Amino acid sequence: MLGTLIVSPLASRIRDPAARHQLTGHATAAMLDRGATRVEVHEVSDPATIRNAAKAAIAGDSGLVVVAGGDGTVRDASSVLAGAGVPVGILPCGTGNLYASAAGVPRDLRQAVAALRAGVPAPHDVGHVRLTGPDGATTLDSGFVVACGTGLDARLMAETSREARRRYGVAAYFLAASRLLGSLAPQPTRLEVDGVATDLESVVVLVANCGEAIPGKLRPRLPIRADDGLFHVFVLPRGGILGSMRGAMELMAAEAAGQSSSGAGLRLAGTHVRIEVTPPGPTQVDGDAYGPASLEATLRPGGLLVIRP
């Protein structure tokens, strides 16, 4: 059985060549123990080459594909691997690693390699997103694994540099949020979930396939699972620091979907979501910033067979 190992040299935990070489060796050994007779290693960093490596794995009839990188690397590979029926191992080497964590993959790399060696594949959801710019042209047509959205979260991604994420981890996003919250104003928004449209105002609309507020430490009381067959849509309709913080806290504490107790937050669930903000605001997909656009997200339930303990 051919095995394919896709490694991102830009992932924060393996940016050092020595660390990357060591992980590649451990991963290759685990793949051979799992039944691979040969392992092809692709060290790739940009979305196109990551997708090409995944396409080569499928074309070469790989029976096992392992992705060593962060959420962006997993997203780019899953755009090709979703629906292929090939077991996929994830070695979480980025800053957030939200999808790996949601899928049950240990954050500790030694434990993740052990899970790769002896774990079992289980179906997990992935999404597909299309961004349409103000001129009507499609600006992105891609898979995603964690979340996409428009408004505050997109501004946070644009304001947080790769260097800041490397130095401060998830705290970098909170630093950016402290600069942005006071200046955000609600914008007219049309939100459609599974064909049901709602007109409201928003400072952020987030479509989440999985995730936590602080990886491994803080998550909503009503979980966002990567295998529940649903998107979870979060809306903050009020601007300013107080309104945004109140809505966020109420959504974190809520035990059911719907409007929060004060109306400062809204949570919905579905498999197909359309968002149109007037005027269009900045967007983000799995932590990568994109320009102003309307957004359409479609769920692929159980699309990725993730190896987990």
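**Close-up views of a predicted chain**

View 1. The model is predicted, so local features need pLDDT of at least 70 and side-chain atom pairs count only at pLDDT 80 or more, while totals for chains, interfaces and linings use all residues. Residues are numbered from 1 along each chain as its sequence is written, and side-chain values use heavy atoms, with hydrogens and water left out. The axes of α1 (residues 17–34) and α5 (residues 109–118) come within 8 Å and cross at roughly 20°; axes are lines fitted to C-alpha atoms, for helices over the stretch in contact, and angles run from 0 to 180 degrees between N-to-C directions. The two helices are therefore roughly parallel to each other (angles under 35 degrees; over 145 is roughly antiparallel, 65 to 115 roughly perpendicular and the rest oblique).

**View 2. Residues between α1 and α5.** On the α1 side, Leu-23, His-26, Ala-27, Ala-29, Ala-30, Met-31, Asp-33 and Arg-34 meet Val-113, Ala-115, Leu-116, Arg-117 and Ala-118 of α5. By class, this contact of α1 with α5 holds nine nonpolar, one polar and three charged residues (nonpolar: Ala, Val, Leu, Ile, Met, Phe, Trp, Tyr, Cys and Pro; charged: Asp, Glu, Lys and Arg; polar: the others, Gly among them). Contact means heavy atoms within 4.5 Å.

**View 3. The seven-stranded sheet.** Seven strands form an open sheet in the order β12-β13-β11-β10-β7-β15-β16, with antiparallel pairing (two strands pair if DSSP finds at least two bridges between them). At the edges are β12 (258–259) and β16 (288–290), each pairing on one side only. Strands β7 (residues 147–151) and β10 (residues 204–208) run antiparallel and are joined by five bridges. Cys-148 stands opposite Val-207 in β10.

View 4. Val-273 lies in strand β14 (residues 272–277); helices (H or I, at least four residues) and strands (E, at least two) are DSSP runs, numbered from the N terminus. Because its relative accessibility is 0%, Val-273 counts as buried (under 20% relative accessible area; exposed is over 50%, partly exposed in between; 1.4 Å probe, protein chains only). Leaving aside neighbours within four places in sequence, Val-273 is in contact with Leu-191, Glu-192, Val-193, Val-207, Phe-231, Val-233, Leu-295, Glu-296 and Ala-297. From Val-273 to Leu-299 the C-alpha to C-alpha distance is 8.9 Å, at a separation of 26 residues in sequence.
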